[in-house]
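Me: I'd like to learn how to read a structure like this one feature by feature. Can you give me the general idea each time, and then the case at hand?

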Amino acid sequence: MLKKSLFILFVLFYSFCFYGQESVKQNVRGVVKDNITGQPLKNINIKIFNDNFETGTTTDSLGLFLIKNIPVGYYSIYFSSVGYESKFIQRTRLVSSRELYLEVNMDVSVETLDETVIFSSVRKDQPNNPRALVSSRSFTLDEANKYAGSYGDPSRMAINYAGVLPARDNRNDIIIRGNTSNGLLWKLDGMEIPNPNHFGATGSTGGPITIINNNLLMTSDFHTGAFPAQFSNATSGVFDLNMKSGNPDNYNNWVQLGWNGLELGSEGPVPGDNKITYATAYRYSFVDILAKMGLTLPEKVSYQDFSLKTNIPGTSLGNFAITAIGGKSSIELLDSDKPTDQWLFENNGEDVSNSYKMGAIGLSHNKQIGDNSVLNSNLYATGNRVENVIDTFSIENPQPFLWAHEKSEEIRTSLSTVFRHRYSSNSDFSFGVYIDNFNTNFVDSQFVKGNYRNVINSIDRQMLLLRSYSDVYYRLSNDFRTYFGVNFLHFDFTGENIIEPRLGLKWDISDKNSLSYGSGLHSQMQPRMMYFVMTEVDGDQHYTNKNLKFTKSFHNVIGYDHLISDDLRLKLEAYYQYIYDAPVSYSEPAYSLLNYGAEFYVERMDSLVNEGEGRNYGIEATLEKFWSDKYFFLITGSLFDSKYTGKDGVERNTAFNGRFAVNMLGGYEFVMPGGKRSMNIGLNLTYAGGRPYVPYDIESSLDNREVKLLWENAYSVQRNNYKRASIRIGFKHNFERFNVESAIDLQYRTDYTSIYFDRLDLQTGEIIKTYSMGFYPMANVRIEF
């Protein structure tokens with residue numbers, strides 16, 4: 001594998017060095033709008049520059065701008081106007097194959113100095129959402145691509161941020177501040193979407209490969225705590241993703257081939273004088289292509305995904321957009337195709353089949369009302385389906401026997417409407433209503449003690465979730481901002497009503513120092529399958545979890561931000577989270593649903609009650625050098641403690657209490673004369689504490705012929721500390737009408753010590769440990785035209 005990777009690297013480097021150095025130019029165009037009303041802004045001053053070039057222009061009456069004949073490369077862009085806070089876009093890339101198209105939103109300034117424009121210290125880490133005053137940051141497509149080990153995946157990119165850890169190798173589930181990965185909310189263009197990852201499990205939020213196409217993303221936000229009231233039904237964090245609009249004037253296409261798959265993409269205007277645009281991409285798994293070519297692979301893996309956004313602007317009824325995303329995947333791990341010495345267990349084997357499908361499609365509407373108000377609405381539907389089949393066999397009984405079968409399906413239809421109004425230059429108000437209907441079909445059965453038993457059974461069951469929020473954003477000055485919001489939730493399945501207050505404060509003490517504080521209550525319904533876990537009582541089946549309430553988490557965060565120089569900042573945050581109403585078990589007093597997501601399989605525990613508690617607290621540090629002078633780095637560290645209390649009242653470590661994490665990330669770009677070609681090198685180092693786990697009760701498992709855990713020792717033992725190194729080498733070449741990018745990502749887990757999962761052999765009592773792949777290469781080539 002190493003020789004193949006080095007050969008690929010040699011080919012990429014040879015192609016990089018072969019071509020000429022002539023200069024190539026391209027255009028920058030876009031539109032500038034008011035951040036609240038969406039109204040186009042005219043006469044906005046625009047300045048685009050780097051170390052070797054500078055020019056500018058202003059927007060026209062429709063808020064549009066065009067700057068022609070700019071040499072390809074990286075640029076910073078300033079947007080400024082009297083009466084508006086200046087906007088700064090740092091290090092955006094202009095390539096030869098397409099125009100750079102920008103959609104920029106600007107906020108009204110509280111203080112206006114007569115005809116004087118002052119550039120504010122807006123930085124790339126600041127979130128798009130002005131209401132997110134703490135524990136939030138923005139990220140770009142370029143970051144997702146340039147971070148070594150991220151593979152263009154938003155989740156894998158986010159594990160480089162302070163307080164964020166991977167749940168396990170080879171999957172992108174993320175742990176935020178010691179919380180379960182299930183506490184994460186995924187939003188795409190206003191839609192709350194199910195797990196957007198291939199090979200997902202029921203109720204999970206991650207998987208090995210993302211369905212989200214990073215080539216279609218624009219600048220988006222990531223929140224890790226105390227987030228605004230517009231986000232609800234989540235307790236740990238929010239990915240608020242935005243899909244980019246197509247260029248309204250020119251077409252752009254790309255082909256990308258890598259070990260993640262073959263991808264085709266396109267964006268541009270729909271033919272006709274209607275200003276309708278599209279952006280779309282389709283991807284097909286590379287391993288499936290190899291299999292169809294006749295190559296024999298150890299695993300049968302297949303996946304494909306599709307994304308689309310269509311904008312329909314400027315009708316009399318307002319602006320419309322359609323967003324769609326979907327993917328399907330399957331994998332078969334068949335011991336029956338292997339010799340007996342390669343079976344998972346010594347004397348018996350398993351055939352495991354998994355398939356996952358998800359999709360979301362939505363229609364959004366934006367209508368300006370007067371000069372200071374806007375109404376945004378979304379009507380959308382989402383769905384996901386999981387099917388798992390496990391057959392077992394042995395040397396004595398080689399015929400596969402169905403041991404377990406899960407078929408879970410959920411369809412959600414949603415309507416949301418948000419009204420925003422600007423009272424004055426220093427205050428605005430918003431009010432939103434969300435209506436969600438869940439149609440669930442969960443069936444999960446296992447062969448236990450001679451009979452098949454339904455663990456979960458839910459056929460065509462409906463759940464209705466009603467939510468509304470209201471908030472006020474008030475700026476005492478350009479230096480002091482306040483936010484107050486309140487959320488209301490009603491869950492008709494249990495009749496529960498919840499009120500969640502939210503608060504945010506931020507004070508820019510000077511141009512280089514700021515303090516921030518955030519606080520609020522955050523609630524989340526349980527994984528919906530858990531409401532339908534069956535309990536057998538006197539031969540009858542009962543739903544003993546049907547009255548479970550939402551888990552609640554009270555967040556408190558205080559932060560300090562110091563801008564050491566224009567491109568170097570230090571950020572410190574301390575947080576405390578108190579969790580209550582967490583589901584715990586009578587039958588296993590050490591069990592808590594707060595540990596959900598630690599393993600592949602989620603224990604279908606019955607007879608749960610909302611009597612558990614938890615607490616997470618810690619301190620995080622970030623030292624970040626924004627891209628300038630051809631390099632960047634990001635160093636983050638976290639010290640934390642994550643505890644929970646079960647039904648027995650004993651406080652224990654959660655499954656995610658690694659206690660510490662350190663991450664170091666950096667990159668440098670070598671630009672050839674003329675700026676047409678470049679090579680970049682990135683490095684990523686991670687060191688984190690090992691995760692606690694529940695050991696097997698081997699004696700009881702062998703006696704009962706099913707896996708039993710030693711709950712009295714729950715999470716008192718830990719895995720070894722985790723170490724990982726990644727290096728990324730990429731090449732870029734701009735031709736006159738197209739550009740070529742290629743990269744190889746090499747990831748290494750030291751000493752092969754990271755346990756991916758372990759299983760108990762119910763015949764021998766042996767614990768079979770499967771380790772993460774020590775050396776993991778990833779490569780791709782992209783042609784854009």
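Me: How many bridges join strand β2 to β5, and which way do the two run?

Reply: The general idea comes first: strands of a sheet pair through backbone hydrogen bonds, either parallel or antiparallel. Strands here are DSSP runs of E, at least two residues long, and helices are runs of H or I, at least four, numbered from the N terminus. Two strands count as paired if DSSP finds at least two bridges between them. In this predicted model, β2 (residues 45-49) and β5 are joined by five bridges and run antiparallel. I48 stands opposite I77 in β5.

Me: Before we go on, what should I keep in mind about numbering and the predicted model?

Reply: Residues are numbered from 1 along each chain as its sequence is written, and side-chain values use heavy atoms, with hydrogens and water left out. As this is a predicted model, local features need pLDDT of at least 70 and side-chain atom pairs count only at pLDDT 80 or more, while totals for chains, interfaces and linings use all residues.

Me: What is the order of the three-strand sheet, and what is its pairing?

Reply: That open sheet goes β4-β1-β7, with mixed pairing. Neighbouring strands are turned by 25 degrees against each other on average, direction ignored. Six bridges join β1 (residues 25-34) to β4, and these two run antiparallel. Within that pair, G30 stands opposite F65 in β4.

Me: Which ring does F65 pair with, and how are the two planes set?

Reply: Rings of Phe, Tyr and Trp (its six-membered ring) pair if their centres lie within 6.5 Å; planes under 30 degrees apart are stacked, over 60 edge-to-face, and the rest tilted. The whole structure has 31 aromatic pairs. F65 and F79 make an edge-to-face one, 5.9 Å centre to centre with 65 degrees between the planes. F65 is in β4 (residues 64-71) and F79 in β5 (residues 73-81), so the pair ties together parts that are 14 residues apart in sequence.

Me: Which residues form an aromatic cluster?

Reply: F442, F491, F493, Y531, F532, Y543 and F550 form one. Y531, one of its members, is buried, with a relative accessible area of 0%.

Me: Where is M529, and what does it touch?

Reply: Contact means heavy atoms within 4.5 Å. M529 is in the loop between β29 and β30 and is buried at 2% relative accessibility. Not counting residues up to four places away in sequence, M529 touches T202, F442, I456, Y596, V602 and R604.

Me: What about N105: where does it lie, and what does it touch?

Reply: N105 lies in β7 (residues 100-106) and is partly exposed, with a relative accessible area of 36%. N105 and V32 are 73 residues apart in sequence and 5.8 Å apart in space, C-alpha to C-alpha. Beyond residues up to four places away, N105 touches K33, D34, N35 and K87.

Me: Which charges lie over a ring face?

Reply: The test is NZ of Lys or CZ of Arg within 6 Å of the ring centre and within 35 degrees of the ring normal. K625 lies over the face of Y631, at 3.9 Å from the ring centre. R719 lies over the face of Y693, at 3.9 Å from the ring centre.

Me: Finally, where does pLDDT stay under 50?

Reply: pLDDT is the predictor's confidence in each residue, from 0 to 100. The protein's mean is 86, and 91% of its residues reach 70 or more. Stretches under 50 include residues 16-21, with 18 contacts beyond four places in sequence, and residues 113-122, with 15 such contacts.

Definitions and conventions:
Buried < 20%, exposed > 50% of the residue type's maximum accessible area, 1.4 Å probe, protein only. Axes fitted to C-alpha atoms, helices over the stretch in contact; angles between N-to-C directions.
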